[in-house]
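Here's a quick briefing on a ligand site and the backbone around it. Have the model open while you read.

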Amino acid sequence: MAEEKHVKLIGTWSSPFSRRVELALKMKGISYEYIEEDLFNKSPLLLQYNPIHKKIPVLIHNGKPIVESLIIVEYIDETWKENPILPQESRPLVGILQEVIGVSFIDEETFPVLCKWVEMFLSSSIVKESLPPRDKLLSFFQAPLEARAASKPMVYK
Ligand SMILES: N[C@@H](CCC(=O)N[C@@H](CS)C(=O)NCC(=O)O)C(=O)O
């Protein structure tokens, strides 16, 4: 338990890679400190812990950085043995992307089992509280498309 106090996650709200790690931590019941990163103005903390790729997510456990979301999930699963987990894909993002580009590539008729799984996945309270707000995520992905259509610089809010 003492180990858990030294878990930090550097992430970004809109990143499916961050969400994947957060879900793993929550499914394991590990308490951690979340540090939101501004990828347009990277923090000294991120540059210190991921100096080569300078990407989130970064898990810091007892001062040791672990990078790459799937590696992090594996590390979490191996370090905290209780409640074994499988790597999770962030399927809800598919729904957002379908809405943004206006094409449905995973529909109920063609993929009934997958759709049922998505429904069950989204009904979990752990999953619900880890997902970014739908409207915010939608406008995040729509902004570059709209900016391109209007040929003006992107502005994220
Ligand atoms: N393969 C990496 C991908 C991580 C990634 O692409 N992170 C993005 C945010 S979603 C990032 O930090 N981008 C900053 C940059 O490329 O400068 C993982 O699974 O962790």
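Predicted model: local features only at pLDDT ≥ 70, side-chain atom pairs only at ≥ 80, totals over all residues.

**Who surrounds the ligand**
- The residues around the ligand are Ser 15, Phe 17, Leu 39, Lys 42, Lys 55, Ile 56, Pro 57, Glu 68 and Ser 69.
- By type, that shell splits into four nonpolar, two polar and three charged residues.

- Lys 42 puts a polar side-chain atom 2.5 Å from an oxygen atom of the ligand.
- Ser 69 also uses its side chain: one of its N or O atoms is 2.6 Å from a ligand oxygen atom.
- Ile 56 works through its backbone instead, with a polar atom 2.9 Å from a nitrogen atom of the ligand.

- Ser 15, one of the shell residues, is found in the loop between strand S1 (7-11) and helix H1 (16-28).
- Ser 15 counts as buried because its relative accessibility is 9%, below the 20% cut-off.
- A polar atom of the Ser 15 side chain lies 3.1 Å from the backbone nitrogen of Phe 17, and Phe 17 is itself among the residues around the ligand.

- Most peptide bonds are trans, and most residues other than glycine have a negative phi.
- Ile 56 and Pro 57 are joined by a cis peptide bond, with omega about 0°, and both belong to the ligand shell.
- Pro 57 sits in the loop between helix H2 (44-49) and strand S3 (58-61).
- Lys 54 is in the loop between H2 and S3 too, and has a positive phi of about 55° despite not being a glycine.
- With a relative accessible area of 34%, Lys 54 is partly exposed, so it falls between the 20% and 50% cut-offs.

- Glu 68 counts as exposed because its relative accessibility is 52%, over the 50% cut-off.
- Glu 68 is also one of the residues around the ligand.

Definitions and conventions:
Residues numbered from 1 in each chain as written. Heavy atoms only, no water. Near = heavy atom within 4 Å. Polar contact = N/O pair within 3.5 Å; in protein donor to acceptor, adjacent residues only side chain to side chain. Nonpolar A, V, L, I, M, F, W, Y, C, P; charged D, E, K, R; others polar. Helix = DSSP H or I, 4+ residues; strand = E, 2+ residues; numbered from the N terminus. Buried < 20%, exposed > 50% of the residue type's maximum accessible area, 1.4 Å probe, protein only.
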